[in-house]
Amino acid sequence: MAVSQTSCEPMFINGEWTEGSSGKRIPVYDPSTEEVIAEIPDASAADIDAAVAAARHAFDEGGWPQTTAQERGRILFRIAARLREEAPQLAELESRNCGKPIVESEYDIADAATVFEYYGGLANKVSGLVNPVPDNALSLSLKEPVGVAGQIIPWNYPIGMAAWKLAPALAAGCTCVLKPAEQTPLTMLKLAGWLADCGVPAGVVNIVTGLGETAGAAIVAHPGVDKVAFTGSAAVGKLIMKSAADTLKRVTLELGGKSPNIFFADADFEAAIDGALFGIFINQGEVCSAGSRVLVQRSIYPKFLEAMTEKARTIKLGPPLDRSTKMGPLVSKEQYDRVSAYQKLGKSEAKLALGGGRPASISRGYYVEPTIFYDVDNSSRIAREEIFGPVAAVIPFEDEREALRIANDTSFGLAAAVWTRDIYRALRMVKAIRAGIVWVNHMQPTYVEAPWGGFKQSGFGRELGVHGIDEYLETKQVHINLNEAPIGWY
Ligand code: NAP
Ligand code: MG
């Protein structure tokens, strides 16, 4: 593996760049070439202490929560504008660092800007309530920021996940300690460099780079952190919930899934095939809501499988910066090994229609083929475990009842999609599926105006929309006695 033009990208604590106290560094790769493109500090517990102290000070004494909501909104609009201005360079960096096709990175940057704009607009629309209590009193519910937010994000949508977490927190008046995934910190560090220009005071946003088991765990355990917002695997989500219990932190978890993408025989056939591919192959399948279980009604099953396979064969794999690329490499060697192991496992659990290995025509980079297994039993591991790669498990079903049973037979509950022209059936499925989002005749679109989050082991709490800011707010009751006389009890 070659090391070329490596730069150390320092982390951002209390408005300053620092290489941290450990002296240790973590390499950052371009997954399409397997080359190291940068190094980042491996944050120690002492670095996390410093970041939390900065965020604590900015919250408790620095005046961030007292900044007017209008002003916080204006700051978020400036961040959005900067993201749009820098979009071409930022998209390129995102694609180089995480391997996603450049066209997808451009969408992600635009989406991130939209998220900052949405919460910029929402900042001064957070209102309390007047409660109609029976006594002669004025009873109010006030909304106040929860405090210091620890935010831990994954590598699949680096800038997008950062926006989903930072924008509502800042709008609410919280301060932040954010840890990007060790694999994909580069765009977040770039954004950190613009914060002061946009008017974010020192200490309000701290970006710490490091490993989950050390830096991430230190954030979660830290008594100075009031709330943890996490996106990533269910396994780590469970560790976080346990650790956060010691300090009774508020916790929100977005943990991915094994989402059913359900096709009835009456669905528009062309749209259905497109939807099946988009559901599982967009972003190389590294999507928490990936439609990784493709449920197909038996009467169209052979025709569907054939059309899906033929169209998947045309998906163009290639360098992320090539505008015609539809699938880039997976993010890392670790993820490549994990997905490859599932490709191998699938061959023993089901039948293989397409792929199943690495593309023969590409000699380096963490590329895997779009892979389709069929006749998959819903009890097999490839139907139950989150693979987080371009691996579809196609499962036949007889009727609506069976589709529903299979769809809900999972420990996850993040997302689902139903394809049918029958409005009655669509709505019955929508009501009966246990998931945080159900699409009808589409899969994957996500809008900042609408809530996002899971049922069951896909986590809890909601991001985006008005729900998203609520997760960063406490409710304070205020009771004002309007009687001038003593209580008169004794
Ligand atoms: P992960 O281990 O859950 O990591 C997500 C984030 O949590 C990263 O920033 C990670 O740090 C951090 N982390 C890891 N262990 C931690 C701990 N003990 N305490 C606090 N933070 C911790 O995910 P991954 O290893 O990157 O991928 C593994 C699997 O997670 C994937 O195959 C996929 O199934 C799932 N995943 C889901 C999503 C989603 O959107 N739901 C996103 C990514 C991955 P470092 O990785 O930097 O050490
Ligand atoms: Mg990891």
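In this predicted model, the chain is assigned two domains: domain 1 (7-255 + 454-476) and domain 2 (260-440). Their centres, taken over C-alpha atoms, are separated by 30 Å.

The two domains meet at an interface. Here, 30 residues of domain 1 are in contact with 35 residues of domain 2. About 2,800 Å² is buried between the domains, with 55% of it on carbon and sulfur atoms. On the domain 1 side, Trp155, Phe455 and Lys456 lose the most area to domain 2. Together these residues account for 22% of what that side buries.

Polar interactions also cross between the domains. Residue pairs in polar contact number 14, counting pairs with both residues at pLDDT 80 or more. The elements of domain 1 that give two or more residues to the side touching domain 2 are α3 (87-98) and α4 (102-122). Two salt bridges are found across the interface. Elsewhere in the analysis of charged pairs, Glu106 forms a salt bridge with Arg323. The closest N and O atoms of Glu106 and Arg323 lie 2.8 Å apart.

Nonpolar packing was examined next. The largest nonpolar core has 105 residues. Ile79, Leu83, Tyr119, Phe304 and Met308 have the most contacts inside this core. Helix α5 (residues 158-172) supplies the largest share, eleven residues. Domain 1 and domain 2 each contribute at least three residues to this core. Leu83 touches Leu90, Ile109, Ala112, Ala113, Phe116, Ile159, Leu191 and Trp194, leaving aside residues up to four places away in sequence. A second, separate core has 28 residues, including Tyr336, Leu345, Val418 and Met429.

Note on methods:
Residues numbered from 1 in each chain as written. Chains lettered and ligands numbered in written order. Predicted model: local features only at pLDDT ≥ 70, side-chain atom pairs only at ≥ 80, totals over all residues. Heavy atoms only, no water. Core = buried A, V, L, I, M, F, W, Y, C linked by side-chain atoms within 4.5 Å. Buried < 20%, exposed > 50% of the residue type's maximum accessible area, 1.4 Å probe, protein only. Helix = DSSP H or I, 4+ residues; strand = E, 2+ residues; numbered from the N terminus. Domains from an automatic or database assignment. Contact = heavy atoms within 4.5 Å. Buried area = accessible area lost by both parts, 1.4 Å probe. Salt bridge = Lys/Arg side-chain N within 4 Å of Asp/Glu carboxyl O. Polar contact = N/O pair within 3.5 Å; in protein donor to acceptor, adjacent residues only side chain to side chain.
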